[in-house]
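The entries follow the order in which I looked them up.

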Amino acid sequence: MDSLSMAFSSGWASGINSYLVVLVLGIADRVSGFEQIPDVLGRWEVLGAAAFLYSMEFIADKIPYIDSTWDAISTAIRPTVGAVIGVLLAGDANSLDQAVNGVVGGGTALASHTVKAGTRLAINTSPEPVTNIGVSVLEDFAVLGVVWFAIEHPEIAAAIAGTLLALGMILLYFAAKVIRKGWRKWKGRERRPRTPSVGATPYH
């Protein structure tokens, strides 16, 4: 039950910031040697790669429209990380338990990723960057808090993650119109054609 609860919590967190999840779990394993954390996450090469990718996400996640582009790139990555962590948390359990943990971790990560990406599209309807920075920092603290809490209290952390996911889904439902507007603006910036300068003479 503990591994399933941790798979849910880490899955939710992976949908928000998968690299930070790997860092938190890996560092916790290195510092305190928690038995429930897979040792592979504490390997130096894993921590190094996670730290490098997290530093990139830390910057990209705070820039309007760049954050939505990063979310699009991460659509396959975050659920995959959530599923892999879920399987690793099952440890030497039977194949069914590993499969269930993988589905829970990956499915929860996909759901929270959808909430994150949709929320950013809504926020990007506003041109100022302050909101993006504030939301990004809040997400990082939420991921850090939920994952760290899950190590000691997996069931309570899973309940918190489930509540945050449900609130996010409700928010997306009511912000659907704003999200569609943000989607059109983001796609417009991605595909904006180059326009000739005024007074320029066309070539023949």
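Entry 1. I sorted the residues that line the largest pocket of this predicted model, and they divide into 10 nonpolar, 3 polar and 2 charged. The lining comprises 15 residues. Those nearest the centre of the pocket are Trp12, Ile16, Val115, Glu139 and Leu164. I noted a volume of about 390 Å³ for this pocket.

Entry 2. Which helix gives the most to the lining of the largest pocket? I found that H7 does, with 5 residues. At least two lining residues come from each of helix H1 (2–32), H5, helix H6 (130–152) and H7.

Entry 3. I turned next to a pair of helices. Two packed helices are described by the angle between their axes and by the distance between those axes. I therefore looked up both values, as this description requires. For helix H5 (residues 95–123) and helix H7 (residues 154–174), the axes come within 10 Å and cross at roughly 40°. H5 is therefore oblique to H7. I recorded the crossing of H5 past H7 as left-handed.

Entry 4. Which residues of H5 meet H7? On the H5 side I listed Thr108, Ala111, Ser112, Thr114, Val115, Gly118 and Thr119. Their partners in H7 are Leu165, Gly168, Met169, Leu171 and Leu172. I counted 6 nonpolar and 6 polar residues in this contact, and no charged ones.

Entry 5. I marked Val115 for its place in both topics: this residue of H5 takes part in the contact with H7, and Val115 is also listed among the lining residues nearest the centre of the largest pocket.

Note on methods: Residues are numbered from 1 along each chain as its sequence is written. This is a predicted model: local features need pLDDT of at least 70, side-chain atom pairs count only at pLDDT 80 or more; totals for chains, interfaces and linings use all residues. Side-chain values use heavy atoms; hydrogens and water are left out. Axes are lines fitted to C-alpha atoms, for helices over the stretch in contact, and angles run from 0 to 180 degrees between N-to-C directions. Helices (H or I, at least four residues) and strands (E, at least two) are DSSP runs, numbered from the N terminus. Angles under 35 degrees count as roughly parallel, over 145 as roughly antiparallel, 65 to 115 as roughly perpendicular and the rest as oblique. A crossing is left-handed if the near helix is turned anticlockwise from the far one by less than a right angle, and right-handed if clockwise. Contact means heavy atoms within 4.5 Å. Ala, Val, Leu, Ile, Met, Phe, Trp, Tyr, Cys and Pro count as nonpolar, Asp, Glu, Lys and Arg as charged, and the others, Gly among them, as polar. On a 1 Å grid over the protein atoms alone, a cavity is a set of points where a 1.4 Å probe fits but cannot get out, and a pocket is an open set with protein on both sides within 12 Å along at least five of seven lines; lining residues have an atom within 4 Å of a point. Grid points are joined across faces, edges and corners, and a volume is the space filled by probe spheres set on the points.
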